[in-house]
Amino acid sequence: MSFLLERMGMRVVPTLISFILLLLFLAPFSAGIVNLGNCVGVAVSAVCTGIFAFFKPFSRFISHLMGNPIGKAAVIIASAIISICVALAIVISCFMVRAAHDEPDGADTTMIVLGCKVKNGNPSLMLRRRLDAAYDYLSEHEEVTVIVSGGQGTDELISEAQCMNDYLVSRGIAPERIIMEDQSSSTYENLKYSKKIIDENGLSSKITIVTDGYHQLRAEMIASDLGIESYNISAETSWWLLPTYWVREWFGVAYQFVFG
């Protein structure tokens, strides 16, 4: 009896985990969020759920493939690719976690807040959390200047930089401490254009990037490519969105590493 329960647990637990992950990757679709992260997440978690739920038929199918040379080669190649992808995901995740906690150790820095979606002229939840994280640090270090970086999208009433400026001023940050960079449309441009502002105004060349934790590693890599020494302050990400953006960032980091 205990052996039977153990065998059932070996299938039920991974099936349940895979199904929960499937729901988590599906959830952002309801908010109109569709990207490589949740598309890949849905596909992989759905396949895993199916494999664990119907493990015996799957096992017989694999045994059948292993019975001929071509099938065996296909299984070996697929297993190698999956193993490499899993290993890369683990390694990248470790670096992402470390980058998310690479905070500055003093006030000799220029803060750069990376833009995010503006809705009806107001910061989205994700952008507001970045601004709140920036506000906490700026309140404790009144000598620090902040660059709010982000242009205006076709579906935004004002630029992300203007929205961020207005929000920080409304919370009591002095306007003279805030510089707007409102031409960028990507993380690379955020940092490139902000670096130009830093050089033109004689600000500290050590920057502190404020963005979501999952995004910090790629932002740090881009800063390094631009010759910028950077630290990070991470904003909180909604738990139900984190898997989607975390997986998307695996691809972003890999792309940056290869082509950056």
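1. To start with a term used below: a contact means heavy atoms within 4.5 Å. This is a predicted model, in which local features need pLDDT of at least 70 and side-chain atom pairs count only at pLDDT 80 or more, while totals for chains, interfaces and linings use all residues. Residues are numbered from 1 along each chain as its sequence is written, and side-chain values use heavy atoms, with hydrogens and water left out.

2. First, the overall picture. The protein chain has 9 helices and 7 strands, where helices (H or I, at least four residues) and strands (E, at least two) are DSSP runs numbered from the N terminus. Its C-alpha trace spans about 70 × 40 × 35 Å along the principal axes. Among contacts with a separation of 6 or more, 71% join residues 24 or more positions apart.

3. On burial and surface: of the 260 residues in the protein chain, 42% are buried, that is, under 20% relative accessible area with a 1.4 Å probe, counting protein chains only. The chain exposes about 14,500 Å² (Shrake-Rupley method, 1.4 Å probe). Carbon and sulfur atoms supply 64% of that area.

4. Now to strand S1, residues 110-114. Because 5 of its 5 residues are buried, S1 is largely enclosed by the rest of the structure. Thr-110, Ile-112 and Leu-114 point one way from the strand, and Met-111 and Val-113 point the other way.

5. What are the partners of S1? Strand S6 (residues 206-212) pairs with S1 in the parallel sense over 4 bridges, and strand S4 (residues 146-149) also pairs with S1 in the parallel sense over 4 bridges. Pairing here requires that DSSP finds at least two bridges between the strands. Met-111 is a handy residue to look at in your viewer: it stands opposite Thr-208 in S6 and opposite Val-146 in S4.

6. Helix H8 (residues 216-225) deserves a look too. With 8 of its 10 residues buried, H8 is largely enclosed by the rest of the structure. The buried set includes the charged-type residues Arg-218 and Glu-220, along with Gln-216, Leu-217, Ala-219, Met-221, Ile-222 and Ala-223.

7. Which elements cover the buried residues of H8? The cover includes helix H4 (69-100), S1, helix H7 (187-201), S6, strand S7 (229-235) and helix H9 (242-259). Just after H8, Gly-227 takes a positive phi of about 80°.

Key: Buried < 20%, exposed > 50% of the residue type's maximum accessible area, 1.4 Å probe, protein only.
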